[in-house]
Amino acid sequence: MNYLYIIAGLISGIIGGMGMGGGTLLIPILVLMLDVDIKVAQLTNLLCFIPLSILSSIKLVKNKLVDFKLAFLFGIPCMIFSIIASYISINLDGTNLRAYFGVFLIVLGVFLMVKVIIAFLKSITKYND
C-alpha cells in the first residue's frame with residue numbers, strides 16, 4: 001500500500017514540476033484511490049507544494065523566465081483569497097468539500113476541453129488556408 005503513495009507522489013511531482021498543478025491530480029488520487037480524508041489530502045498537497053514551488057521558482061528566476069510585475073499583480077490577490085478560502089474550507093465538512101472540489105475539477109476539465117477544441121479547429125483552418 002505504501003508504494004501507491006510513492007507512485008502518487010511521483011506523478012504529482014512530475015506534473016507539478018512541469019507547472020501544470022500537481023495538486024489538481026494529487027488530491028483526487030489521495031481521496032478517490034487511496035481513501036484519504038479530503039482535508040488530509042489538501043494539507044498533504046500544501047506541504048508537498050512548498051518545497052516544489054521554492055525549487056521551481058529558483059530555477060525559473062535563474063533562467064530569467066519570471067515576469068515579476070505579473071507575479072506581483074497576480075500574487076497579492078492570490079494570497080488574500082487563499083487565506084479566505086482556507087478559513088472557509090476549515091469550516092466545511094469533508095463531504096461538502098469533496099463535492100465543491102469535484103465541481104471545480106469538472107468545470108476545469110470542460111474549460112480545458114473547450115480550449116483544446118478551439119485550438120484544434122484553428123489549426124485545421126490554418127492548415128487548409
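**Helix H4 and its surroundings**

Analyst: Helix H4 (residues 68-91) has 24 residues and spans 34 Å from its first C-alpha to its last, close to the 34 Å expected at 1.5 Å a residue. Helices (H or I, at least four residues) and strands (E, at least two) are DSSP runs, numbered from the N terminus. The expected span is 1.5 Å times one less than the number of residues. This is a predicted model, in which local features need pLDDT of at least 70 and side-chain atom pairs count only at pLDDT 80 or more, while totals for chains, interfaces and linings use all residues. Residues are numbered from 1 along each chain as its sequence is written, and side-chain values use heavy atoms, with hydrogens and water left out.

User: At which residue in H4 does the kink lie?

Analyst: The bend at a residue is the angle between axes fitted to the seven residues ending there and the seven starting there. In H4 the kink is about 25° and comes shortly before the proline Pro77. The residue is Gly75.

User: Which residue caps the N-terminal end of H4?

Analyst: A side-chain oxygen of the capping residue lies 3.2 Å from the backbone nitrogen of Lys69. A polar contact is a pair of N or O atoms within 3.5 Å; within protein, one must be able to donate a hydrogen and the other to accept it, and residues adjacent in sequence count only if both atoms are side-chain atoms. The cap is Asp67.

User: Is Ser89 buried or exposed?

Analyst: Ser89 lies in helix H4, and its side chain reaches the backbone oxygen of Ser86 at 3.1 Å. Leaving aside neighbours within four places in sequence, Ser89 is in contact (heavy atoms within 4.5 Å) with Lys39, Gln42 and Leu97. Buried means under 20% relative accessible area, exposed over 50%, partly exposed in between (1.4 Å probe, protein chains only). Because its relative accessibility is 17%, Ser89 counts as buried.

User: Is Lys64 buried or exposed?

Analyst: Lys64 sits in the loop between H3 and H4. Its phi is positive, about 55°, although Lys64 is not a glycine. Its relative accessibility is 73%, so Lys64 counts as exposed.

User: What is the relative accessibility of Asp35?

Analyst: Asp35 is found in the loop between H2 and H3. Asp35 is not a glycine, yet has a positive phi of about 55°. Asp35 counts as exposed because its relative accessibility is 69%.
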